[in-house]
Amino acid sequence: MDTASTDRIIEAARTQGRAALSEIESKALLEACGIPTTMPRQATSAAQAAAIAKQIGFPVVLKVLSAEVTHKSDVGGVVLGLTSGAQVENAFKQIRKNLGEKAPGARFEGVAVQAMARPGIEMLAGISYDPAFGSMLVAGLGGVLVEVLKDVVMRPAPIDAKSGREMVEELKGAALLRGVRGAPPADIEAFVDLLVKLGRLAAARSDIREMDLNPVMVYPQGVMAVDARVALNDAPAGGANPANGDRAVARRRNLEQAMSPNTIVVIGDKKAGGYIWLRAQSNFKGKLYSVQIDPKEIPNIEQMGITNYLNLSEVPGPIDLAITAVPRQVAPLILKNCLETGVRGVQFFTSGFSETGEELGIKLERQLKAMAEESEIALVGPNCMGLYNPAAGVCNFPGQPTGEAGDVCFISQSGTHMVNMAFQGPARGIKINKGASIGNAIVLNPADYLEMMADDPGTRVVGMYIEGIRDGQRFLDVLRRATARIPVVIWKGGVTEAGARATFSHTASLATPAAVWKAVVRAGGAVEVRSWDALLDALAMFSRSLPIRGRRVGLVAMTGGQSVFITDTFAGAGMEVPALSQASYDEFKTFFNTIGGSYRNPLDAAGTIMGPQEGNLVRILNILDRDPVLDLIVLEIGTGTAAARWASHEADVASMLDKLAEFNKRTTKPFSLIMHHAHLEDIVARARKMAVERGLLVFESFERAAQTLSLGADYWTRH
Ligand code: ADP
Ligand code: MG
């Protein structure tokens, strides 16, 4: 890339106070990047246009030049296929006339005369600057299809050729490039090369707000950008990354200490709030103190067996974590006290800051942020439920499970989701290692928590509920490093326009377009989910399942109807349900009940495993385990009517689950169960709990199993 030229072109426009580059300037940028383009020349009279056309060689294209026009065709500003000087002169006059009629007030700056490119597959490529994540590269189907199909993918710039190919593959219209109906395949590599070069430009010039190459003609050999448009940001972005300063590093160490504290102080807990913060720490293994000046509250606190102090400075020993629930006006004072006392981490349950949109809230939040940033204190929140470490007995709600450390971490910009995860996770087999509800995340941001949790050797998977990211670049960096070791599952709140409004009033998070998010998740190697249930299922799978290394699934259902349903569901989610190998069929033939049943994949098995033949269940699973055509095994148990027996025969259920758990321990293939509650909710819920307790991975429906296992296959085949 000729950076001297690209810089010169952009600076020239800036000097003239322009934020938009003309088609000629935009294409000059492309030339400097080594991207093939129909380089135009400006003509300000009809005669000049004809003369230039002769030099270029016919056929030519004329396009209007006007700073006020972004879509040239809309104003009759593009005339194609001109084959003579006379035609060019006419077209010049026609374009000037059209502009006067369709865009009165727009200044006519002449026309751009350029070679007419051969028709090809019209693609789109470009750059789009996101305030949180920086320059994103865009690719999609071009021409008029853009508006109709909206088939575009993004990646944070720059990219390598591998990511470029991945982008093309992700397009719904990718098949168009591979050649349909006898058409020769297009030169995908040349298009990828164009994307890589654009990515370099984007990385070098983060002040390009938008760059549109639409269309780029893609041929059986080579590409040609025939239209280009560039808009600039006010000023080049950049500067040092404050997240890597000494203070930021020390702050992250303090966060770790606050997460595994020896001493906790709860400041300002009240009867009106049910003393939730003191009660939440009732299983805390270290020393717990209270700071409260209200004489009406103190006796209640002391009755809980907790020593109360009137002042933070009186509390003995170094304080690792201060939990505060004080009114917002007092928050800056409390933070000041914490700084004076050398508190390492402080978590503010207190809300009413920038998320309110009110002047006072915004002002108070700025004060907290400024004070914390000038120090090394780990400020968690505000507007959050804070830290959760079950092994240490640090909780963000009374009654949360404590005790053993699990292997799942969860970071949430919602306190509710954090608390729900702690309470609902265990029933799904999700055991929490560390959790954090991070609220407005004004100082420590999602990347800081992710880094800490992914570095924890006890972590097998991290889940995140995110509403907004401020420092997108660092987030992506940390995400890439985290996913090199463990899966990270991200649920983004506020992906719809209405949802984005809600996230603002919830945690003051700015909206990031859904396409940018998708790109970040992809580029970061993470897994995206769109709902609470999908999040729980994914966390359960990633923490309990063996890696799923392919998409070929062996399905065992209990009846004919279910076996059709389960197959459609799995195939619909992108899984394959292959025929089994002959060796498996030969073995099944010896015992499988094929009257009202089938051992073709899917297996319809109830008739073979009922009552006294229960031993056949494991026999079936063993055959599937040995069959090399399968990557994973899924078993449905307790179809509606069958589960009816379970209520009165719990010992039978336990013995069946024991056998399945034993199979699960020795199988070489990822194995999971589907237990839908049908009309027997309580009975099945009880059996499901028993299965989860035995370390089995259990889903509640075919759909949820198929979606989740497909995500797993996606992740594990890429990592
Ligand atoms: P705009 O997008 O501003 O309306 P374009 O420059 O994209 O204008 O021109 C409109 C259409 O004309 C393009 O989508 C493309 O199909 C065609 N076109 C434009 N320039 C050329 C060219 N140099 N060679 C061949 N076709 C062109
Ligand atoms: Mg165009």
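Colleague: Where is Tyr275, and what about its phi?
Modeller: Tyr275 is in the loop between strand 12 (263–267) and helix 10 (276–280). Its phi is positive, about 45°, though Tyr275 is no glycine. Most residues other than glycine have a negative phi, and most peptide bonds are trans.

Colleague: Before we go on, what are the ground rules?
Modeller: It's a predicted model, so local features need pLDDT of at least 70 and side-chain atom pairs pLDDT 80 or more, while totals for chains, interfaces and linings use all residues. Residues count from 1 along each chain as its sequence is written, chains are lettered from A and ligands numbered from 1 in the order written, and side-chain values use heavy atoms, without hydrogens and water.

Colleague: Ligand 1, then. Which residues come nearest?
Modeller: Lys63, Lys72, Ser73, Ala117 and Glu122, out of 19 around ligand 1; "around" is a heavy atom within 4 Å.

Colleague: Which polar contacts does it make?
Modeller: Counting N or O pairs within 3.5 Å, a polar side-chain atom of Lys63 is 2.7 Å from a ligand 1 oxygen. Lys72 puts a backbone N or O atom 2.8 Å from an oxygen of ligand 1, and for a polar backbone atom of Asn214 the distance to a ligand oxygen is 3.2 Å.

Colleague: How much of ligand 1 does the protein cover?
Modeller: 85% of the 540 Å² of accessible area that ligand 1 has on its own, by Shrake-Rupley with a 1.4 Å probe.

Colleague: Which strand gives the most to the shell?
Modeller: Strand 9, with three residues. The elements giving two or more are strand 3 (60–64), strand 4 (78–82), strand 5 (111–115) and strand 9 (208–218).

Colleague: Which domains does the shell draw on?
Modeller: At least three residues come from each of domain 1 (39–116) and domain 2 (121–232); the bounds are from an automatic or database assignment. That assignment also has domain 3 (245–487 + 526–542) and domain 4 (545–718).

Colleague: How far apart are domain 1 and domain 4?
Modeller: Their C-alpha centres lie 67 Å apart.

Definitions and conventions. Polar contact = N/O pair within 3.5 Å; in protein donor to acceptor, adjacent residues only side chain to side chain. Helix = DSSP H or I, 4+ residues; strand = E, 2+ residues; numbered from the N terminus.
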